[in-house]
Amino acid sequence: VQLQASGGGLVRAGGSLRLSCVASKSTFDINYMAWYRQTPGTGRELVAGDAVRGRFTFSRDNAKNTVYLHLTDLKAEDSAVYFCYARDQGADYWGKGTLVTVSS
């Protein structure tokens, strides 16, 4: 499964972004998908995903083979590279990541 994330960018504190991740196969057939984020020198942190709630909202559009992460009320500490993740038939897949920078 190939994952292509997009939608990152520079945003002011308090602003919003919507990240998108398009999968190379039908997301209807993918067992589990989620978003993680990582800052320099740290490990990847789960942000939101199927059956996992966090501060941001995860959603799926299986008709478009796409999952989204809705980032709202962003803070400087939310600056990170955000990665799309899929677990399918026992294997883990990662997208290349999209950078979110929040200016204070």
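Biologist: Which residue stands opposite Cys-84 in strand 8?

Modeller: In this predicted model, strand 4 and strand 8 run antiparallel and are joined by 7 bridges. Cys-84 belongs to strand 8, which spans residues 80–88. The residue that stands opposite Cys-84 is Trp-35.

Biologist: To which residue does a disulfide join Cys-84?

Modeller: The count of disulfides comes to 1. The pair links distant parts of the chain, 63 residues apart, with one cysteine in strand 3 (residues 17–23) and Cys-84 in strand 8. The sulfur atoms lie 2.1 Å apart, and the partner of Cys-84 is Cys-21.

Biologist: Is the link of Cys-21 and Cys-84 left-handed or right-handed?

Modeller: The handedness is given with the angle about the S-S bond. For Cys-21 and Cys-84 this angle is -85°, and the link is left-handed.

Biologist: Does Cys-21 count as buried or exposed?

Modeller: Buried means under 20% relative accessible area. Cys-84, at 0%, counts as buried. Cys-21 has a relative accessibility of 0%, and therefore it counts as buried.

Biologist: Why is strand 8 largely enclosed by the rest of the structure?

Modeller: Strand 8 has several partners: 3 bridges join it to strand 10, and 4 bridges join it to strand 9. Both of these pairings are antiparallel. Strand 8 is largely enclosed because, of its 9 residues, the number buried is 7.

Biologist: Which residue of strand 10 stands opposite Val-81?

Modeller: Strand 8 and strand 10 run antiparallel, and strand 10 covers residues 98–103. The residue of strand 10 opposite Val-81 is Leu-99.

Biologist: What is the bridge partner of Tyr-85 in strand 9?

Modeller: Strand 8 and strand 9 form a hairpin with 2 residues between the strands, where Gln-89 takes a positive phi near 50°. Strand 9 comprises residues 91–94. In strand 9, the bridge partner of Tyr-85 is Trp-94.

Biologist: Are the rings of Tyr-36 and Trp-94 stacked or edge-to-face?

Modeller: A pair of aromatic rings is described by the distance of the centres and the angle of the planes. The count of aromatic pairs comes to 5. For Tyr-36 and Trp-94 the centres are 5.0 Å apart and the planes stand at 70°, so the pair is edge-to-face.

Biologist: How many residues apart in sequence are the parts that Tyr-36 and Trp-94 tie together?

Modeller: Tyr-36, at 18% relative accessibility, counts as buried, whereas Trp-94 is partly exposed at 36%. Tyr-36 lies in strand 4 (residues 32–38) and Trp-94 in strand 9, so the pair ties together parts whose separation in sequence is 58 residues.

Biologist: What is the angle between the ring planes of Phe-83 and Trp-94?

Modeller: Phe-83 is buried, with a relative accessible area of 8%, and Trp-94 is partly exposed. The ring centres of Phe-83 and Trp-94 are 6.4 Å apart, and the pair is edge-to-face because the planes stand at 90°.

Biologist: How many residues has the largest nonpolar core?

Modeller: In soluble globular proteins, nonpolar side chains tend to be buried together. Here strands 1, 3, 4, 5, 7, 8 and 10 each supply at least two residues of the core. Those with the most contacts inside it are Met-33, Trp-35, Leu-69, Leu-71 and Tyr-82, and the core has 24 residues.

Biologist: Which strands stand at the edges of the open sheet of 4 strands?

Modeller: The order of this sheet is 1-3-7-6, with antiparallel pairing. Neighbouring strands are turned by 20° against each other on average, direction ignored. Each edge strand has a single partner strand, so one side of each is left without a neighbour in the sheet; the edges are strand 1 and strand 6.

Biologist: Which residue of strand 7 stands opposite Arg-60?

Modeller: Strand 6 covers residues 57–61, and strand 7 covers residues 66–71. These two strands run antiparallel and are joined by 5 bridges. The residue of strand 7 opposite Arg-60 is Val-67.

Note on methods:
Residues are numbered from 1 along each chain as its sequence is written. This is a predicted model: local features need pLDDT of at least 70, side-chain atom pairs count only at pLDDT 80 or more; totals for chains, interfaces and linings use all residues. Side-chain values use heavy atoms; hydrogens and water are left out. A disulfide is a pair of cysteine sulfur atoms within 2.5 Å. Buried means under 20% relative accessible area, exposed over 50%, partly exposed in between (1.4 Å probe, protein chains only). Rings of Phe, Tyr and Trp (its six-membered ring) pair if their centres lie within 6.5 Å; planes under 30 degrees apart count as stacked, over 60 as edge-to-face and the rest as tilted. A nonpolar core is a set of buried Ala, Val, Leu, Ile, Met, Phe, Trp, Tyr and Cys residues joined through side-chain atoms within 4.5 Å. Two strands pair if DSSP finds at least two bridges between them. Axes are lines fitted to C-alpha atoms, for helices over the stretch in contact, and angles run from 0 to 180 degrees between N-to-C directions.
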